[in-house]
Number of protein chains: 2
Amino acid sequence: MQEIVLYTYDWVPEPPRGFVRDLRLRWALEEAGLPYRVASVSFKERGPDHIAHQPFGQIPWLTDGELSIFESGAMLLHVAEKSEALMPGDTRGRSEVREWLFAALASVEAATQPWSIMKFSGFDGDNPAWPFFDNFVDLRLKRMEAVLSEHEWLVATRFTVADILMADVLRLMDRFGKLAEYPACKAYVTRATARPAFIKAHADQLAHFAAAD
Amino acid sequence: MQEIVLYTYDWVPEPPRGFVRDLRLRWALEEAGLPYRVASVSFKERGPDHIAHQPFGQIPWLTDGELSIFESGAMLLHVAEKSEALMPGDTRGRSEVREWLFAALASVEAATQPWSIMKFSGFDGDNPAWPFFDNFVDLRLKRMEAVLSEHEWLVATRFTVADILMADVLRLMDRFGKLAEYPACKAYVTRATARPAFIKAHADQLAHFAAAD
């Protein structure tokens, strides 16, 4: 089997370490037991070769033979199609994995990302826009709480790649204490991040960036 | 071929009409020439049956035989796999369509949605968070401008389902005059929305909501 190459920055500042998005792919590749290596690109200089692979100048992207793929969701779907460890084989299960991959990004992270930006930038508190963005996150978390109160994992009573993405999105909310009122969401994050593949992926990311200090 | 059923609200207030997300699916189904019908669900009362199909209490969702699918991206991918009118048949082309579907949502709409929320709610102007969100959109539009200056369509020199999603995301920016400094993005929106399938989908959505007034 040809080797997948996962591209991430050579270095990032301290605060995002452990949350940089290559983690989602490391985690999936570890769960699937697929051979891969991690390659570094410059954090400080994002030249034409970077842009040719990732048009927004971000990371991660991956190559798999002649394919070069960007966007976490698309990469996760690609990797999942290589391994039943990440996605069931039946039509309904595969369809549900896809909808939850999109939901993690377009419904949940769409709300948590502006919230995180406001929080990081100190625009929480008395900024008049804060209650709107805070309520937007609560709206989504209430619905996820209902889903996760009834399901151990999102799809087909088993762990799938959709859980990698959703748990990683919710994990950032947990970091800021936002899951305190959402015990099923919090338990889900705890359950997902207790998996050996997450623990290895997380440690590997920290070691990768620490090596560049 | 079994009929696809697209679910949307029975009614919405005036401002979002022409921009409600069922339009993305109407457009794709028209491009593909697939048989479908539109069914209404209550805008005001979103009960357990609604939540069972769309866990966030939103629209659209669709059914295709025994499958029920939510999330625009997942639905568009499902429809695209039924028609070469929406997606090329080769591995690279299909992979690129998928990455651009995710990019339209997770990279571009992730920036334009908080911008639109701030704008709609009157938090633009002197809100201290506004420059951040405005710059976030510019960061993405600059990169899309570079891409669309070199490509008529996103993938494989032909129109695909990824253009439906990206053009619809950019169309909302155009509505607010935000594409004035991005002529390639503006021309792309003009080109996409001149397609007969968009024109019919747009008119059908307006008629659907007007019928409920």
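Reply: Let us begin with a cavity lining: H4 of chain A and H4 of chain B each supply at least two residues of the lining of the second largest cavity. Helices here are DSSP runs (H or I, at least four residues), numbered from the N terminus. This is a predicted model, in which local features need pLDDT of at least 70 and side-chain atom pairs count only at pLDDT 80 or more, while totals for chains, interfaces and linings use all residues. Residues are numbered from 1 along each chain as its sequence is written, chains are lettered from A and ligands numbered from 1 in the order in which they are written, and side-chain values use heavy atoms, with hydrogens and water left out.

Me: What is a cavity, and which residues line the second largest cavity?

Reply: On a 1 Å grid over the protein atoms alone, a cavity is a set of points where a 1.4 Å probe fits but cannot get out, and lining residues have an atom within 4 Å of a point. Grid points are joined across faces, edges and corners, and a volume is the space filled by probe spheres set on the points. The second largest cavity, with a volume of about 30 Å³, is lined by Ala106(A), Ala110(A), Leu105(B), Glu109(B), Ala110(B) and Gln113(B). H4(B) gives the most to this lining, with four residues.

Me: Which residues line the largest cavity, and which element gives the most to its lining?

Reply: The largest cavity has a volume of about 50 Å³, and its lining consists of Arg21(A), Leu105(A), Glu109(A), Ala110(A), Gln113(A), Leu105(B), Ala106(B) and Ala110(B). Here H4(A) gives the most, with four residues. By kind, the lining divides into five nonpolar, one polar and two charged residues, where Ala, Val, Leu, Ile, Met, Phe, Trp, Tyr, Cys and Pro count as nonpolar, Asp, Glu, Lys and Arg as charged, and the others, Gly among them, as polar.

Me: How many salt bridges does a search of the whole structure find?

Reply: Side chains of opposite charge can pair when their charged atoms come close. A salt bridge is a side-chain nitrogen of Lys or Arg within 4 Å of a carboxyl oxygen of Asp or Glu, and the search finds 34 of them over all chains. One of them joins Glu31(A) and Arg195(A) (2.8 Å, N to O). This pair links distant parts of the chain, 164 residues apart, with Glu31(A) in helix H1 (residues 22-32) and Arg195(A) in the loop between helix H7 (183-193) and helix H8 (196-210) of chain A.

Me: Is Glu31(A) buried or exposed?

Reply: Buried means under 20% relative accessible area, exposed over 50%, and partly exposed in between (1.4 Å probe, protein chains only). Glu31(A), at 17% relative accessibility, therefore counts as buried, whereas Arg195(A), at 23%, is partly exposed.

Me: Which salt bridge crosses between chains?

Reply: One that does so joins the side chains of Glu81(A) and Arg98(B) (2.9 Å, N to O), running from the loop between helix H3 (72-80) and H4 of chain A to helix H4 of chain B. Glu81(A) is partly exposed at 36% relative accessibility, and Arg98(B) is buried at 11%.

Me: Which residues are linked in a network of salt bridges?

Reply: Arg21(A), Arg24(A), Glu109(A), Asp168(A) and Arg171(A) are linked in this way, and Arg21(A) and Glu109(A) are also among the residues that line the largest cavity.

Key: 1 Å grid on protein atoms, 1.4 Å probe; cavity = no way out; pocket = protein on both sides within 12 Å on 5 of 7 lines; lining within 4 Å.
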